[in-house]
Amino acid sequence: MELILMIVGFAFIFTSTVYSIIWWRNKPVSNDAKQHVAMEMKSSDMIAKPTGCPMEDKMVPVSVNYHFTRKCNYKCGFCFHTAKTSYVLPLEKAKEGLKMLKDAGMQKVNFSGGEPFIEKRGSFVGELVKYCKETLELPSVSIVSNGSLVKEDWFQKYGSYLDILAISCDSFDPDTNEMIGRQQGNKNHLDNLRRVRRLCYEYKVAFKINTVVNTYNKHEDMVDGIVELNPCRWKVFQCLLIAGENAGADALRNAETFVITDEEFQDFLIRHESIRCLVPESNQKMQNSYLILDEYMRFLDCTKGNKDPSKSLLDVGVENALKFSGFDEKMFFKRGGKYQWSKADMKLDW
C-alpha cells in the first residue's frame, strides 16, 4: 500500500512540474521584459564576435590616383605635385602594387604625374594601362597629361586599353598659357591639345579636359573652345596651395600669385554654366577627396595643407596604408567622384 502511495505522489509531482514548465514557456511577456531580452541578446552577439573584428566598414580604395613620376617637361606656376624626386618604381613592382589595390576593391585607376608620357617615351604608362585593363580587368583606366608628348603610335599600341585621356588646358590664349607655364619652349600647347583630341576620336578614347582657374585665366570666357573640343567631362579646379609643393620655403613653386578667391571662382563657373559637362571643384571639395599615391606607392594625406606620406603599401599592405591617407570618402561621393567612367558605358559618338 505504501509503495502505491509513493508512486502516486511522484506522479503528481512530475505532472505539476511539466504543467509549470509549459505555463512559463507560454506566459505573456511584458514589453520591458522583451526589451531586456533583446538587449541581452545584442550584448551576447557583441561578445561572441572574435577579438579584433572591426565594428564598422573598412575603407575601400574605389578610385586611386597614382602619380608614378614627378618629372615634367612643363613649368606650370601653380603645380602642386612638383619634381622633388626623379624616382620611378620598377614596372613589375608598380604592377604588384596595382594588383594589391585591385584585390582591396579598386575599380578605377588614374595615372598622373608629373607628366606620365615622359617616362620611357610613354611605354611605361602604356604597359601599366594595358596591365590594369587586360590583366586586372579594371572598369576604368585613365591618364592625366599635358598632351605634348602623346604620339599616334602610342594610341596604336595602347589606345584600346585606355578609357579616358584628360588633357590640361587652362586657356585658349597662347599668351596666357605662356604666363602660366603651360608649354615647352616654342611649342604651341593648343596645337597639341587639338591634335590629341583628334587622336582620341580616331582611336575611341574618351576625351576629357582639366582646367585650373587662377589669376591669369579667371576672367577668360572658354565657352567656344570647350564647345569646339566637345570633351566628355570638363573638370574645373580652383587653384590650390599645398605646403612643400607650391607654397613655403622648401617648395619648388610659389603659387601664391596664382591664387583666386572663392567669389572669383564662382564668377568663372557662372560664366560657363551653359557647358553641361562642366564639373566644378573648389578647394574645399578637392583637397581631401582624392586618394593620391606617390612614386613610392605611399598615400598622401593633405588634411593639414601639406602632403604627409603613409608607409608604402608595398611594405605594410593597402589597408594599413589607407589609415594614413586622410581620405574624405563622403566628399569623394559628394563631388561626383563616382561617375560613368568606363568608355564602354559612355555611348559616345565616335
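**Exercise 1.** State which ring Arg335 lies over, and at what distance from the ring centre.

*Solution.* The structure is a predicted model, in which local features need pLDDT of at least 70 and side-chain atom pairs count only at pLDDT 80 or more, while totals for chains, interfaces and linings use all residues. Residues are numbered from 1 along each chain as its sequence is written, and side-chain values use heavy atoms, with hydrogens and water left out.

Step 1. A charge sits over a ring if NZ of Lys or CZ of Arg is within 6 Å of the ring centre and within 35 degrees of the ring normal.
Step 2. Arg335 lies over the face of Tyr290, at 3.8 Å from the ring centre.
Step 3. Another such placement is that of Arg233 over the face of Tyr339, where the distance to the ring centre is 3.6 Å.

**Exercise 2.** Describe the order of the strands in the open sheet and identify its edge strands.

*Solution.* Step 1. Helices (H or I, at least four residues) and strands (E, at least two) are DSSP runs, numbered from the N terminus. Two strands pair if DSSP finds at least two bridges between them.
Step 1. The open sheet consists of eight strands in the order E7-E6-E5-E4-E3-E2-E1-E8, with parallel pairing.
Step 2. Strand E7 (278-281) and strand E8 (292-293) are the edge strands, each pairing on one side only.
Step 3. Strand E1 (residues 63-67) can be followed to its two partners. Five bridges pair E1 with strand E2 (residues 108-112) in the parallel sense, and two bridges join E1 to E8, also in parallel.
Step 4. Individual contacts can then be located. Ser63 has Lys108 as its bridge partner in E2, Tyr66 stands opposite Phe111 in E2, and Asn65 has Ile292 as its bridge partner in E8.

**Exercise 3.** Decide whether the two faces of E1 and of E2 are covered or open.

*Solution.* Step 1. Buried means under 20% relative accessible area, exposed over 50%, and partly exposed in between (1.4 Å probe, protein chains only).
Step 1. In a regular strand the side chains alternate between the two faces of the sheet.
Step 2. Five of the five residues of E2 are buried, so E2 is largely enclosed by the rest of the structure.

**Exercise 4.** Characterise the largest cavity by its volume and its lining.

*Solution.* Step 1. On a 1 Å grid over the protein atoms alone, a cavity is a set of points where a 1.4 Å probe fits but cannot get out, and lining residues have an atom within 4 Å of a point. Grid points are joined across faces, edges and corners, and a volume is the space filled by probe spheres set on the points.
Step 1. The structure holds one cavity of 30 Å³ or more, and the largest cavity contains about 40 Å³ of space.
Step 2. Its lining is made up of Val60, Val62, Ser63, Leu291, Phe327, Glu329, Phe332 and Phe333. Helix H13 (residues 329-334) supplies the largest share of this lining, three residues.
Step 3. Ala, Val, Leu, Ile, Met, Phe, Trp, Tyr, Cys and Pro count as nonpolar, Asp, Glu, Lys and Arg as charged, and the others, Gly among them, as polar. The lining accordingly divides into six nonpolar residues, one polar and one charged.

**Exercise 5.** Explain which parts of the chain the aromatic pair of Tyr216 and Phe258 ties together.

*Solution.* Step 1. Rings of Phe, Tyr and Trp (its six-membered ring) pair if their centres lie within 6.5 Å; planes under 30 degrees apart count as stacked, over 60 as edge-to-face and the rest as tilted. By this rule the count comes to 15 aromatic pairs.
Step 1. Tyr216 and Phe258 form an edge-to-face pair, at 5.2 Å centre to centre and with 65° between the planes.
Step 2. Tyr216 lies in the loop between strand E5 (206-213) and helix H8 (223-229), and Phe258 in the loop between strand E6 (233-238) and helix H9 (262-271), so the pair ties together parts that are 42 residues apart in sequence.
Step 3. Tyr216 is partly exposed at 34% relative accessible area, whereas Phe258 is buried at 6%.
Step 4. Elsewhere, Phe117, Trp154, Phe155, Tyr158 and Tyr203 form one aromatic cluster.

Technical notes. On a 1 Å grid over the protein atoms alone, a cavity is a set of points where a 1.4 Å probe fits but cannot get out, and a pocket is an open set with protein on both sides within 12 Å along at least five of seven lines; lining residues have an atom within 4 Å of a point.
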